[in-house]
Amino acid sequence: QVQLVESGGGLVQAGGSLRLSCRASESIFRFIGMGWYRQAPGKQRELVAGITRSGITNYADSVKGRFFISRSNAENTIYLQMNSLEPVDTAVYYCNHNTEPYYDWGQGTQVTVSS
């Protein structure tokens, strides 16, 4: 079964930056679209950035101009560059297929932005 492992989260002050990584146990990113999701306390998981198998990207309005998704097929890794972070970005961030069906969700990586 495909396993997804997220990393790179941490505690950062408002205005700072973080770079998240998502590595898959198998070479899948060249064949399917992927996305970064986040879930804040008391809220449902939401898609914040996606990249198709052909490399087309899309972003939620709340992160446009601040977050950037990229992919390394050779490294089987998806990245999320997060700039100008705000307290509302605080959440657990996950990666997965950009649409259903989803792989089993990983543990995610916690991003906490302080004011």
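**Entry 1: an edge strand and its partner**

I started at L4 and looked up its bridge partner, which is A24 in β3. I then checked the strands around that bridge: β1 pairs with β3 (residues 18-24) in the antiparallel sense, over four bridges. For my own notes, two strands pair if DSSP finds at least two bridges between them. Strands are DSSP runs of E with at least two residues, helices are runs of H or I with at least four, and both are numbered from the N terminus.

A word on what I am looking at: this is a predicted model, where local features need pLDDT of at least 70 and side-chain atom pairs count only at pLDDT 80 or more, while totals for chains, interfaces and linings use all residues. Residues are numbered from 1 along each chain as its sequence is written, and side-chain values use heavy atoms, with hydrogens and water left out.

**Entry 2: the sheet**

Next I followed the strands across. The order is β1-β3-β8-β7, an open sheet of four strands with antiparallel pairing. β1 (4-7) and β7 (67-72) are the edges; each has a single partner strand, so one side of each has no neighbour in the sheet. On average, neighbouring strands here are turned by 15° against each other, direction ignored; the axes are lines fitted to C-alpha atoms, and in general such angles run from 0 to 180 degrees between N-to-C directions.

S70 stands opposite Y79 in β8. The two strands make a hairpin with four residues between them, and N76 in the turn has a positive phi of about 55°.

**Entry 3: the rings**

Which residues do ring pairs link into a cluster? I noted Y37, Y94, Y102 and W105. The whole structure holds five aromatic pairs. Rings of Phe, Tyr and Trp (its six-membered ring) pair if their centres lie within 6.5 Å; planes under 30 degrees apart are stacked, over 60 edge-to-face, and the rest tilted.

I looked at Y37 and Y102 in detail: the ring centres are 6.0 Å apart and the planes at 90°, so this pair is edge-to-face. It links distant parts of the chain, with Y37 in β4 (residues 34-39) and Y102 in the loop between β9 (91-97) and β10 (109-114), 65 residues apart. Y102 also pairs with W105, at 5.3 Å between centres and 40° between planes, so that pair is tilted.

Buried or exposed? Y37 counts as buried at 4% relative accessibility. Y102 is partly exposed at 36%, and W105 is partly exposed at 29%. Buried means under 20% relative accessible area, exposed over 50%, and partly exposed in between (1.4 Å probe, protein chains only).

**Entry 4: the whole chain**

Last, I stepped back. The chain has 10 strands and zero helices. Its radius of gyration is 13 Å, close to the 13 Å that the globule rule gives for 115 residues, so the chain is as compact as a globular protein of that length. That radius is taken over C-alpha atoms, and the rule is 2.2 Å times the number of residues to the power 0.38. I also noted that buried residues make up 43% of the 115.
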